[in-house]
Amino acid sequence: MAEPRRRQILDALIDGERPVNDLVRVLGLAQPQVSKHLRVLREVGVVEVRDDGRQRLYRLNGHALKPIHDWVTRYERTWSERFDRLDAVLEELKDEEM
Amino acid sequence: MASTTSGKGTAVVSLPADDQILITREFNAPKHLVYRAWTTPELVTQFWSGQRGTMRSVEIDLRVGGRWRYVMTTGHGEIAFHGEFLEIVPNERIVNTEVFETPDAPVSDAGAPVTTTTFTERDGRTTLTLLMRCGTKELRDTIIQSGMEIGMQEQMNLLEELAISLMS
């Protein structure tokens, strides 16, 4: 239910860190709701926060990106290996047709 | 064994929607040959397992309503997939269901992912696309995660959303 909002927050943070007020404006939500989403994102480690004077700045956690990158890359590798062998099969079929 | 072709393609996996996986790959061969390799059991046996094992069985009843079933032997045991052909346009398109057989799999195939495979030829080269519609995000994630350690689900979901955002 909350996921589209969380995605919006992640989208908004791609360009760099932002204070919560910025996110409130971008999302058009009340601050308590934005803070709640940010808390979830922090708990799972995709968003980090730091204090800068009077405001808190939120940013993406680059390290958290690696698992998802590995996740898709590994799936892609399985298919790449399959397709590489299909290349070999196709070479044989082309030879037969000549 | 034939040598590696020149101009070898690269498999690209993307996640166009919450419940979908899109795989594309170009081959240095005309589409009727790619289609033949894709749909002939003896040929599927030669490539489907990639580097993960060997094919123990490949059955393909290539007609609408016909069934297919692949069994692969890997270092971790056997894994099997089966499904039904929903649409067949020779050398052009195949639509089929795809069920990953697990000990706790549902008895019914209802709600199984539907894969649309298309073969598009240009200048003697063929682009193969596989669009898997999984029905739900959860099933889609399970399919991609198969074969690797599954992390904390919530975290994966969020990370995946982030990855999609970055890819777009």
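Here are legends for close-up views of a predicted model.

**View 1. Helices H2 and H3 of chain A cross each other.** Here we're looking at H2 (residues 20-27) and H3 (residues 31-43) of chain A, whose axes come within 9 Å and cross at roughly 110°. Angles of 65 to 115 degrees count as roughly perpendicular, so that's the label for H2(A) against H3(A). On the H2(A) side, the residues involved are A:Val20, A:Leu23, A:Val24 and A:Leu27. They meet A:Gln31, A:Val34, A:Ser35 and A:Leu38 from H3(A). Sort that contact by class and you get six nonpolar residues, two polar ones and no charged ones.

**View 2. Strands S4 and S5 of chain B make a hairpin.** S4 (residues 67-74) and S5 (residues 77-89) of chain B run antiparallel, joined by eight bridges. For a landmark, find B:Thr73, which stands opposite B:Glu78 in S5(B).

**View 3. S5(B) also makes a hairpin with S6(B).** S6 covers residues 93-97 of chain B and runs antiparallel to S5(B), with four bridges joining the two. One pair to look for is B:Phe85 opposite B:Asn96 in S6(B). This hairpin has three residues between its strands, and in the turn B:Asn91 has a positive phi of about 65°.

**View 4. S5(B) pairs with strand S7 of chain B as well.** S7 takes in residues 99-101, and three bridges join S7(B) to S5(B) in an antiparallel arrangement. To get your bearings, look for B:His82, which stands opposite B:Val99 in S7(B).

Key:
Residues numbered from 1 in each chain as written. Chains lettered and ligands numbered in written order. Predicted model: local features only at pLDDT ≥ 70, side-chain atom pairs only at ≥ 80, totals over all residues. Axes fitted to C-alpha atoms, helices over the stretch in contact; angles between N-to-C directions. Parallel < 35°, antiparallel > 145°, perpendicular 65-115°, else oblique. Contact = placed C-beta atoms within 7 Å. Nonpolar A, V, L, I, M, F, W, Y, C, P; charged D, E, K, R; others polar. Pairing = 2+ DSSP bridges.
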